[in-house]
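Student: I am new to this structure and would like to go through part of it by question and answer. Please show it first.

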Amino acid sequence: MTTIDRLVGAGVDRIDGPAKVRGTAPYAFEQDPGEPIAHLAVVQSTVNRGRISRLDATRAEAMPGVLAVLTPASAPRLAEGLSSDLPVLQSLDVHYQGQVVAAVVAETSEIAAAAIGAVVVEYAAEEPDVVLSTDRADLYAPEQLMAGFDTDSVIGDVDGALAAAAVTIDATYETPTQHNNPIEMHTSMARWDGDSLTMWDANQGPHNIVNDLAKGFGLDRGQVRIISPYVGGAFGSKAFPHPNQMLAAMAARVVGRTVVFELTRPQMFTLVGHRTPTIQRVRLGADADGRLTAISHEVVEHTSKISEFAEQTATPTRVLYAAENRRTTHRLARLDVPPPTIMRAPGETPGMFALESAMDELASALGIDPVELRIRNEPTEDPERHVPWSSRHLVECLRTGAERFGWAGRDLRPRMRTEGRWLIGTGVASATYPTRRRKAQCRISVDGRGGTAPVRYLVEIDGSDIGTGAWTALSQIAADALGVAMDAVELHIGDSRLPRAGGAGGSTGLASWGSAIVLTARDLRRRLDDEFGGQVPADGVTVDGGIEGEGPHAKTHSMHAFGAHFVEVRVDADSGEVRVPRATSVYDAGTVVNAKTGRSQFIGGFSMGVSMALHEETLTDPRLGHYVNHDLAEYHVATNADIGELDISWLDHPDELANELGLKGIGEIGITGAAAAVANAYWHATGLRVRDLPITPDKYFRELGLT
Ligand code: MOS
């Protein structure tokens with residue numbers, strides 16, 4: 001433990017660490033419902049589009065140990081009104097390959113897995129439409145983007161400014177389909193007691209899962225309880241319900257006992273969403289000094305036919321750099337794909353790859369240092385909303401990062417450094433992510449213990465720790481706010497019975513839950529002072545509090561976290577192999593509540609950016625429409641050996657206007673811009689500009705004209 005008098009900011013060890021290391025922290029699959037658990041496995045469509053023409057479960061139903069087979073004909077009817085692919089087993093129509101067409105419930109997972117092979121399904125298949133391109137006639141403008149962003153933004157005369165610019169860049173960047181792959185697969189264990197449903201579930205916010213289950217089964221919200229104290233990682237796919245929760249609840253109802261459904265790794269590639277592929281045209285116009293006169297960022301991406309998901313890809317371009325004339329657009333193609341969803345910094349992650357690559361291309365065209373180019377285009381206010389920043393220290397991030405990395409003296413020209421077969425280069429990119437907060441309720445009780453035992457504070461809020469360190473950070477926040485030591489705080493999170501709060505998503509967790517805790521603690525202390533002379537009464541006190549959502553400054557100020565990444569890349573001139581031996585990232589994220597778990601968030605975000613730059617890509621078969629590389633043997637993610645020395649630091653500038661803690665959110669800022677920094681360093685090493693991620697070795701030979 002720390003000895004400083006303020007816990008917020010300290011690198012406090014995870015309070016859930018010992019339980020996790022010993023294996024005693026119960027994840028969804030390990031919960032004990034107090035009765036034998038039945039296991040669920042699913043039959044998935046082998047065609048991408050069409051209709052089930054025949055389904056015969058007779059053999060599977062007759063297998064010893066099989067408790068039930070659910071089919072579109074036999075499954076319980078769910079109420080109307082569920083969106084996307086939540087009405088599972090309600091129709092014979094098939095909308096994507098991998099859609100659940102039947103489910104087996106059995107005594108063991110092995111029997112369930114064997115029995116799905118005995119279910120006969122035939123289809124009337126239709127030709128799938130799965131290829132995204134910019135010349136499709138059916139591209140359309142969605143009404144709005146995810147998180148409520150406007151579809152387009154247009155300011156000034158972009159085309160005129162581009163035509164008049166001293167230097168222009170016009171380049172198209174592509175990012176592939178990607179899949180959320182936390183270590184723990186989505187898992188749901190369902191038990192019914194009469195008309196009450198309890199579900200132990202891997203998600204990013206228990207309250208977010210309640211609504212659709214209540215709606216589907218015709219229950220009141222209070223009849224559904226979601227319990228999720230420990231979650232083995234999540235990047236967005238666990239933020240909202242998917243077919244797995246509906247299925248577990250349906251199956252448990254049918255067999256009359258607890259049922260668990262744990263997705264397999266391949267099922268992570270069909271049943272819980274993906275990041276849309278993007279095709280992004282970026283045009284920049286600048287004067288000879290590198291001052292931007294025009295920015296245009298046009299995005300084409302996909303959504304599914306059964307629901308709309310419009311990723312907010314060009315939104316970082318609306319805030320990052322000054323320019324009089326600016327335009328961002330988003331167009332979608334409705335394809336025969338599973339519903340896309342959010343994945344760590346949806347929008348910013350693909351969008352910043354394009355924008356920050358284009359800025360590097362502009363720096364090169366102008367012969368200006370790319371750090372200097374960014375500093376020259378620092379806006380004094382939000383360039384599209386025309387409101388001041390709550391705080392913005394991007395320039396300090398760039399300068400501090402350049403210093404720490406040893407950027408000075410870097411040759412502007414590419415392919416100037418070699419070491420044996422290795423071509424060596426360095427690159428830079430900015431990072432940015434919005435700072436927001438959501439409505440959150442909180443309850444704090446202090447137990448006077450009849451004046452005999454040490455006073456304890458019970459802090460209840462439906463916050464969520466998806467591996468981020470929220471258990472610990474919220475305990476630090478509560479202890480500081482209550483003016484007590486951490487061991488006087490008993491935190492309860494991860495249960496929809498607790499006071500309602502938004503989930504872990506959009507980097508809003510600590511901003512929302514932390515603010516709610518601070519305000520409720522303040523209320524409690526005021527009551528103790530006013531009514532009890534500062535003493536805890538023997539029968540205790542309970543206070544309910546919280547926040548309504550965005551704070552008073554959200555409308556009048558533009559709130560964002562910022563950062564700068566500096567990366568060294570080495571490329572094997574013979575094989576095209578890419579290594580990232582070292583990187584420096586500096587963040588302007590306001591208060592970092594826990595220096596240890598916070599650092600891990602920055603490391604994780606940046607590493608996922610390296611993973612995006614060099615490895616991650618889900619390949620779609622254009623004829624059959626399915627995802628070909630649906631496991632971690634063929635969908636590559638960066639592992640320890642792929643990540644070199646990371647120098648992570650942050651500036652000490654709490655954002656006083658953002659929230660009660662002065663924090664700006666840290667879960668997603670690290671991935672934004674990271675892939676561009678790698679691609680820019682790759683260009684500097686090789687002289688080759690790869691504009692379509694990931695930068696795999698074959699593209700080295702493609703760019704050299706050898707394949
Ligand atoms: Mo994160 S994509 O907001 O769960």
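Student: Which residue in β24 is the bridge partner of Ala 583?

Tutor: This is a predicted model, where local features need pLDDT of at least 70, side-chain atom pairs count only at pLDDT 80 or more, and totals for chains, interfaces and linings use all residues. Residues are numbered from 1 along each chain as its sequence is written, and side-chain values use heavy atoms, leaving out hydrogens and water. Strands are DSSP runs of E, at least two residues, and helices are runs of H or I, at least four, numbered from the N terminus. Strand β23 (residues 578-588) runs parallel to β24, joined by six bridges, and the partner of Ala 583 in β24 is Leu 646.

Student: Which strands stand at the edges of the sheet?

Tutor: Strands pair if DSSP finds at least two bridges between them. The open sheet has five strands with mixed pairing, in the order β16-β17-β22-β23-β24. Two of them have a single partner strand each, so one side of each lacks a neighbour in the sheet: β16 (417-419) and β24 (645-650).

Student: Is Glu 568 buried or exposed?

Tutor: Glu 568 is in strand β22 (residues 560-572). Buried means under 20% relative accessible area, exposed over 50%, and partly exposed in between, with a 1.4 Å probe and protein chains only. The relative accessible area of Glu 568 is 6%, so Glu 568 is buried.
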